[in-house]
Amino acid sequence: MLKNYFKIALKVILRRKFFTFISLFAISFTLVVLMVASAMLDHVLAPMPPENKQDRTLILQQAEMRGPENDMTSNPGYKLLDTYMRTLPGVELTSIFSEQSIVSSYKDGYDLKPYLKRTDGEFWKILEFTFLEGGPFTNNDDRNADFVAVINKATKEKIFGDSPAVGKYIEADRQNFRVIGVVADVPIFRKIPFADIWVPLGTTPDQEYKKELLGDYKGLILARDAGDFPRIKAEFASRMKKVELPSSDFNTMKCEPGTMFDDVALEIFGNRGGHERFILMIAMFLGAFLFMLLPTINLVNINISRIIERASEIGVRKSFGASSATLIGQFLVENILITAIGGIIGFVISYVILQILTNSGLIAYAQFHLNVRIFFYAFISILSFGLLSGVYPAWKMARMHPVNALKGVVQ
Amino acid sequence: MIKHWLKMVWNRKRINGLIMIEIFVSFLVLFSVLTFTAYYINNYRKPLGFNIDRVWSIQVDSRLPAEGHKKVFADGRVQLALAMRELPEIEEVGWMWAGPYAHSTSTTSRTFNGQQVYAETNRASDDIQKVLSIPIIAGRWFSKEDNTTIDTGPLISRGSRSTSGDKSNKQPVGSIPVVINANYARLLFGSKNPIGQLPLDSTCRIIGVIEDFRKAGELSAPGNYQISRIRLEDTTQNQWGRFYIRVREGTTAAFQGKLIKILEGVEKNWSFDINTVAQARESDLKKQLVPLIAGGVIAAFLLFMVALGLMGVLWQNVSQRTKEIGLRRALGGTAENVSRQIHGEQFAITTIGLAAGSIVVIQLPLLDLIGFIQPGVYIIGLVVSLILMYTLTYLCSILPGWLAMDIEPAEALRCD
């Protein structure tokens, strides 16, 4: 029976080519936009190397000192993280890293302006970078302030060309580092791992940062299990109450560990009293819904026109005893078939657009891929699209009175 | 005749209802796109208030903690400026807290005439006016004449990072020389002469009015602006900022490396980062334009899709109404009459959809949701999108109209 539906559907699709074109255009266009948008979100949010353990990772990225007259908001300082985060009990690993900053690094008198990030040994254990050459530095290197550096592939190629880089020296931020590792490029939007050059925290020219509660650092906590998050958050919150504040101008310190999603929400909406996460989710769904509204109405219109045209066929089917359910089923199958064709076209176009975006270099080191997850999103949206735009016309069709249908009169 | 159009529309209310909703939503999309486009074009045409030709920015990092080194910073700045002024490649040297296309923003707000008034604040040295060729429309820019006064400006950071240590000292009234932009002067003093007056922050005194200073660039909205004076040698507080220099015509980027070497010779342990302001402008513009263009392209495709859909539905309507149209032709209606009927019905549907859309859109200024958009821009957006929507639906009904005209009465009446 399904085979028959498919046959009929193909006939219908081929009969009114203009309608088919409109439907396919609407479906594939909607999908392209949704897929490109989700590939971009995926690129920023989804767990991918080196952030393989993202589901167990908490980030500390904002600290706030409050007082009766003054508020100060900033990244956490080294002292805050070192004293209160590194000593957290019952977590697997913790790491401190600096916000990456553009430094000067000369190659033949030309400034490459790479991003430099200073961090510790644990950073390389929490994040699983792909090492193309050599390996990471350790906590010992950090403690001894060894001038060693891990660089990314792009930087290596700019400075050393094709020859191996390990053991050679590079200049960055007016310091000389011995290269001990080369890693694959990380996209600029992956804010935790991203940099061009990573060096130990201990090499910071001025050691003043070790005394700062607010500063330019971020903390990473790797929990044993995501179920530990509430316990870690509660423990950290209670520790924040005991922080010794530098002056009487301030009486509270606020700093909360959050997941990557919380982190992005905080970045976009600022501090909204802990509701950033929900606001971001609602905004994402609302955005997708509003965008899909117009294509859906359009498809519903087209689909209704298609059925009206087939009124006499429906009349015949009904007169010979086809139930409403059968007819609805048939129409939905037809609709899903055409959506699937549109979906394939949309998928191909999205692939091409993402390839162009990746190669354009608009976003540094970006690699937009169509992976299984995006394919899954796309499949779900195709399906819901097909059902949404088919249900109302199908229901309308099934309710047609056979006599009217035979006459081709539709209200 | 209009009554007849409406009657025919009502007779097929379900399908027409869906078309109305489609027109309604399309109108909202078109309106938002056009209003934003008009808004940005309007901003783009306004004067920027500075010229960044041949202007470079030099970021200076002393690698010293902020506290307790005010004198070191001030001395370093003065030495660097002196060294740069001696170079033949450099025409002007100035210092500014946040120059054109810099991302730090600071605002101050006061109550004025019962309303909260915001002004963006900035700080600049005496020479910045020459570096950035800032046009002055009244009064003068800062100069040595202002040395008698204390050089501290109000700087309330609103960014994510607030600088510490800037305790607001109690300043005597009118002691800080400031220049404000024409917009701000008009708001505060109307047609009166603002020179010598106190702006909202009464510790300041206005010494000049500049055309504007739209730091965020061509697409940004004009607002209120106030710039206070910085003296490079000031040791009373940390004067954050960058050097801005104007280089002589024909100076190439190769000079950047040379300049850094010279600067490093002056201050041994400091680090420097030189960029052309044009680069900052380009990357800024790209960042602002890319989402706008992406949104515009998506909206254009959406409308194209709607137009196709509309045409398909109308076409279907006509072929379904063959009998009715044939009857009308048989009773003496001309082909033009029939075509007019098709267009008229479409016009009625469009009008209802657009009326609903306009009602929604009119709520925006009434509820003060789009306060930043000037009324002129809003009206242009509304009118142009109404015209475009009518044109679009008219174009969509041309082909179905022709098809309807082609219907022969005999053939129509025969069909069953």
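In this predicted model, Thr119(A) is buried (under 20% relative accessible area, with a 1.4 Å probe and protein chains only), its relative accessible area being 0%. Thr119(A) lies in strand β8 of chain A, residues 115-119, where strands are DSSP runs of E of at least two residues and helices are runs of H or I of at least four, numbered from the N terminus. Residues up to four places away in sequence aside, Thr119(A) touches (heavy atoms within 4.5 Å) Ser95(A), Ile96(A), Phe97(A), Trp124(A), Phe137(A), Asp142(A), Val199(A), Pro200(A) and Leu201(A).

Between the two chains, 45 residues of chain A are in contact with 42 residues of chain B. About 3,700 Å² is buried between chain A and chain B, 62% of it on carbon and sulfur atoms, buried area being the accessible area (1.4 Å probe) that two parts lose on being put together, summed over both. The count of salt bridges (a side-chain nitrogen of Lys or Arg within 4 Å of a carboxyl oxygen of Asp or Glu) between chain A and chain B is 1, and the side chains of Lys113(A) and Asp273(B) meet in a salt bridge at 3.6 Å, N to O. On the side of chain A that touches chain B, the elements giving two or more residues are α2 (17-45), β3 (71-76), α9 (276-309) and α12 (372-398), with α9(A) giving the most, 13 residues.

Local features need pLDDT of at least 70 and side-chain atom pairs pLDDT 80 or more, whereas totals for chains, interfaces and linings use all residues. Residues are numbered from 1 along each chain as its sequence is written, chains are lettered from A in the order in which they are written, and side-chain values use heavy atoms, without hydrogens and water.

Notes:
Buried means under 20% relative accessible area, exposed over 50%, partly exposed in between (1.4 Å probe, protein chains only).
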